[in-house]
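Good morning, and thank you for coming.

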Amino acid sequence: MEDIVQKQKQFFNTGKTLDISFRKEQLRKLKNILKEHENEIYEVLDQDFQKPPFESHATELFVLYQEIDHLLSNIDGWAKTKKVKSSLINFPSKSYIKPQPYGVALVIAPWNYPVQLALNPVLGAIAAGNTVILKPSENAPHTSELLAKLINSNFDPGFFKVVEGDAETTQALLSEPLDYIFFTGSTHVGKIIMKSAAEQLTPLTLELGGKSPAIVDQSADLSLAAKRITWGKFINAGQTCVSPDYVYVHTSVHSELCHLIQKEIRSFYGDDPKQSDYYARIINDKHFDRLANLITSENIFYGGDTDPGTRYIEPTIMTEITWDDPVMQEEIFGPILPILSFDDLDKIISILQNKSKPLALYLFSTDNSNQKKVFRNLQFGGGCINDTVAHLGNTNLPFGGIGNSGFGLYHGKTSFDTFTHPKSIMKKSNWLDIPLRYPPYKGKLKWLKKLTKFL
Ligand code: NAD
């Protein structure tokens, strides 16, 4: 690890990454590599958790292509040195902000979108002029192996290197003197990463998870709400950091919504989703067991079938759920949807104000005052009105959590900013040197007070 990090420091110090055309060239190269190996990528995602090629393209490759194009079109402007107004107190001078890369960035990735969540932060790091070490998740081993093969055989390891491994490997990397750490994963491991970063005061971003609610009021277009909740919940078999974790629906439409979601599950995946080509599997036995244990038979409204051999969990709706049930104690991160009901939106707001701040929140409502109330009074990373998950498709919207769901932002301009240190510089002129600031101060205080009135 020491050797890898040292090589990257040496590469960074050559100044090659300061050249914008070098950064663009690397981004284009990465896009070409992905394009040339699309089928292999679908293949490894299928091997890791039977991810359907449509979802692999839409949620992994398309997102990366879109981000690369956006960065390529904008880096020149973002990387420019910007002049700012100078202060009178420093007269005569000029002031400017020079966007500078941090140096060696470590990106630590999760397994659930194992290509996109590994490479998306890397794009920002490259665009901003850093060198990058990527540690993919060991829980998607085929994808991790392919990423290592594609990157390590095409890029100078001093500039971009994939290091495969588990927690121990990550710890070894973290003990090296890094310049930036970008972590995506669980809140529990996020705290461990932050402690390691604190040892060397390395700046970091934490993209974490949490229980993201979908609230459906009595004014909602229920059919559309059901379709969009079903899509956002069961895409990737529910293993999505921003999927609606649970639904809070108004009592008057609770039964109708449950039946509509059931209908949508059937229309998306057929009567037996196990036979569907469009439904992914759970990533490993540990997560399968954890999820299977959350399904309590007395609460199953629909679904509930499981198969440990293929790590299949049927899209499942659970009702008659309270906050005391096991399924409400932690982020579900799987295809289980508890549907709770409410009578009074204000009460739901006050309940949610006392829970951890989630990564996302979705409100299905055509009532403007309810929309305003929810979005003004609740804190969460980001979200949608009348949709789920889709806000991630807009590169102009910063993505990131708050509180337990993390801190720091990326996507589009915010990716560039995250991996950039805005260096502030003042250039003083030598033709005038006002003596007021220098000691001895005898008799100068009254002049200072007079002068500061005009500043
Ligand atoms: P995880 O925290 O278990 O692992 C993430 C990464 O950390 C992996 O690369 C892993 O090797 C490494 N790691 C694990 N233990 C470590 C340790 N002790 N020390 C150092 N490194 C360690 O997360 P996961 O299971 O891969 O992903 C699921 C979680 O990630 C969920 O909570 C989900 O909500 C969250 N997530 C968040 C986002 C987001 O963008 N905010 C996206 C996807 C997933």
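Predicted model: local features only at pLDDT ≥ 70, side-chain atom pairs only at ≥ 80, totals over all residues.

**Backbone features and the open sheet**

Pro 92 lies in the loop that connects β1 (82-84) with β2 (93-101). The peptide bond leading from Phe 91 into Pro 92 is cis, and its omega is near 0°. There is a second case of this kind: the bond from Pro 439 to Pro 440 is also cis, with omega near -5°. Pro 440 sits in the loop between β18 (420-428) and α15 (445-453).

Most peptide bonds are trans, and most residues other than glycine have a negative phi. With that in mind, let us turn to phi.

Asn 236 is not a glycine, yet its phi is positive, at about 60°. This residue belongs to the loop between α9 (222-234) and β9 (246-250). Is Asn 236 buried or exposed? Its relative accessibility is 1%, and since buried means under 20%, Asn 236 counts as buried. His 411 likewise has a positive phi, of about 90°, without being a glycine. His 411 is placed in the loop between β17 and α14 (413-418), and at 6% relative accessibility it counts as buried.

We now come to the sheet. In which order do the strands of the open sheet of six stand? The order is β5-β4-β3-β6-β7-β17, and the pairing is mixed. At the edges are β5 (160-162) and β17 (406-407); each has a single partner strand, so one side of each is left without a neighbour in the sheet. In general, strands of a sheet pair through backbone hydrogen bonds, either parallel or antiparallel.

Let us follow some of these pairs. Strand β3, residues 104-108, pairs with strand β4, residues 131-135, in the parallel sense over five bridges. Within this pair, Val 104 has Thr 131 of β4 as its bridge partner. β3 is also joined to β6 by four bridges, and these two strands run parallel; here Ala 105 stands opposite Tyr 180 in β6. Four bridges then join β6 to β7, residues 204-207, again in parallel, with Ile 181 opposite Leu 204 in β7.

β6 deserves a moment of its own. How many of its five residues are buried? The count is five of five. On one side we find Tyr 180, Phe 182 and Thr 184, and on the other Ile 181 and Phe 183, so that both faces are covered. Together with helix α8 (residues 187-199) and β7, β6 makes a right-handed β-α-β unit.

Which helices lie across these strands? Helix α5, residues 116-127, lies across β3, β4, β5 and β6 (180-184), and runs at about 170° to β4. Helix α7, residues 167-174, lies across β3, β4 and β6, at about 160° to β3.

Finally, the cysteines. A disulfide is a covalent bond between the sulfur atoms of two cysteines. The structure holds zero disulfides. For Cys 241, the nearest cysteine sulfur is that of Cys 384, 13 Å away, whereas a disulfide requires the two sulfur atoms to be within 2.5 Å. Cys 384 is likewise in no disulfide. Both residues count as buried, Cys 241 at 15% relative accessibility and Cys 384 at 9%.

Thank you for your attention.

Methods:
Residues numbered from 1 in each chain as written. Heavy atoms only, no water. Pairing = 2+ DSSP bridges. Contact = heavy atoms within 4.5 Å. Axes fitted to C-alpha atoms, helices over the stretch in contact; angles between N-to-C directions. Buried < 20%, exposed > 50% of the residue type's maximum accessible area, 1.4 Å probe, protein only. Right-handed = clockwise from strand over helix to strand, strands pointing away.
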